[in-house]
Structure formats: structure tokens, C-alpha cells
Amino acid sequence: MLRMLLRRLLLVPLRIVLRPRVSGIENLPESGPFIIAANHLSFFDSIFIALLTPRHLYFIGKQGWLEMPGLKGRLQSLFFRSVGMISVDSTSGSATMAGLETSLRLLGEGHGVGVHIEGTRSPDGRLYKGNTGTAWIALRSGAPVVPCGLLGTERVHPAGAKRLHVARFDVRFGAPLTFPEHAGLEDDRRVRRAVTDRITREIAALTGQEYVDTYAATVKSRAAAEAAIPVPVSPRESQG
């Protein structure tokens, strides 16, 4: 009941104020399990997708979203828990696997599961290398994967912004993908990579984003490390 109430309360202002353009809804299965694999441009991407998908969707998200301090953090945690977020601690292999197993259980019950295939937000609007967890879930469950391309959500909530901005954005659902030829091969790294790359190519076709064959998390880590390195100062500069 809480999920239905939140959906009704949020969907109307979302459609009226931001006026998202949604296409390809007919590609979403009317029944049975399915996986939505999307790119990631904004903190609110998973919320937008969940609200604009006709069926209820459980979205995989970072455990940190449930652990923010203060009143805002508690409200955020309440919201994400109420909409059925599957929390994953990416710093722990066993915790990540627990999140994947939860996704499998929900798919086995006929639900939809959403995931951002890049694992983190794009640092510059380009599409980065996909994580193979999505392929593992798809191959293990046999559920169809619906590629989802987001455009313009970074204008609604730029990185570091304190509030939402009024800007239109696009949500594009592509034709569902299945991989019967790879059934039972979810533990084969090469197969997982091939399936992941296929899904990522379909997302790129929906968005037109430039593809970067590097993990977004790696780029962010390098940038953070470079920012932490002090710039050497010559003796002459230090003397003014």
C-alpha cells in the first residue's frame, strides 16, 4: 500500500512538472520476470525509471544510500526501502553476491528488477563499460533484459546539486534481449562479458552516447587520486 501511495503521489507532479518523454513502453513484458538495464547519469535515475515503468520494479542500489546521516538520510532510507530497493555493498564480494541472489529470488517470483549496468553515474555523460553482474542475473534466471536509455536526467539533477531543476528528459526502452544460446554459462567470464557488451551496445543505440571501454568507477577513482596528490612547488615559487 505504501508503494502504491508513493507512486501516485510522485508520478503526477513528475509528469506535469518535468514532462518526461517515454518511448518503447510496449517493450516491457506485461507479466513474468524481466530485467531493466539502464545507463546512469543522475542520482534520481532509478526513481524516474521505477515511477515511469507500468509494473512495480525492484531496483539494485548502493547500500550507502540507506546509511546517510541526519533527518534527510533517514527520510531517504525510508523512501528507498519503501519502493523495494535491493541494497548492495559493492565493497564486499559476499555482500554483492547476496544482492544478486536477492534479485534472482525476486525474478523467480515473477517480478521486475532494475540495474544500472555501469554500476555508478557517468562522470562526464559518456557511456562506460558495463559490469557483468547484470549478465550473470540474466543468464542464471533466463529473464529477458530490456535495455533502457536515459537522456537529460543530469540536467534535472546535476552531480552535487542540492535540488531538482525543471528540465525535460527521455526514457527509452528497447526491444527485450534473451540469450538462450548461453543458458547455463553464467559462470563463464567470457560469456558474461559478451552478454554485457551486447546489452551496453543496445543502450548506446538508444542514447547515442559515446562509449568508453573503461569502468566509470575506475575513472572516478583515478580522478580522486589525482586530486589528492599535492602539486610540487619550486623553491622560487615558495618564496613568492
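**Helix crossing, strand pairing and cores in a predicted model**

User: Glad to have you here! At roughly what angle do the axes of helix α5 and helix α7 cross?

Analyst: Helix α5 covers residues 133-141 and helix α7 residues 189-207; helices are DSSP runs of H or I with at least four residues, strands are runs of E with at least two, and both are numbered from the N terminus. Axes are lines fitted to C-alpha atoms, for helices over the stretch in contact, with angles from 0 to 180 degrees between N-to-C directions. The two axes come within 8 Å and cross at roughly 105°.

User: How are α5 and α7 therefore oriented to each other?

Analyst: Angles under 35 degrees count as roughly parallel, over 145 as roughly antiparallel, 65 to 115 as roughly perpendicular and the rest as oblique. The helices α5 and α7 are therefore roughly perpendicular.

User: Which residues of α7 make the contact?

Analyst: Contact means heavy atoms within 4.5 Å. From α5 come Thr-134, Ala-135, Trp-136 and Leu-139. Their counterparts in α7 are Val-191, Arg-192, Val-195, Thr-196 and Ile-199.

User: Before we go on, what kind of model is this?

Analyst: Residues are numbered from 1 along each chain as its sequence is written, and side-chain values use heavy atoms, with hydrogens and water left out. Local features need pLDDT of at least 70, side-chain atom pairs count only at pLDDT 80 or more, and totals for chains, interfaces and linings use all residues, since the model is predicted.

User: Which residue is the bridge partner of Cys-148 in β8?

Analyst: Strands pair if DSSP finds at least two bridges between them. Four bridges join β7 (residues 145-151) to β8, and these strands run antiparallel. Strand β1 (residues 21-23) is joined to β8 (residues 170-173) by three bridges, running parallel. In β8, the partner of Cys-148 is Phe-173.

User: What separates the C-alpha atoms of Gly-110 and Gly-32?

Analyst: Gly-110 sits in the loop between α4 (93-108) and β5 (112-116). Leaving aside neighbours within four places in sequence, Gly-110 is in contact with Gly-32, Pro-33 and Arg-55. Gly-110 and Gly-32 are 78 residues apart along the chain, yet their C-alpha atoms are separated by 4.6 Å.

User: How many residues has the largest nonpolar core?

Analyst: A nonpolar core is a set of buried (under 20% relative accessible area, 1.4 Å probe, protein chains only) Ala, Val, Leu, Ile, Met, Phe, Trp, Tyr and Cys residues joined through side-chain atoms within 4.5 Å. Val-145 and Ile-199 are among those with the most contacts inside the largest core. That core has 27 residues.

Note on methods: Buried means under 20% relative accessible area, exposed over 50%, partly exposed in between (1.4 Å probe, protein chains only).
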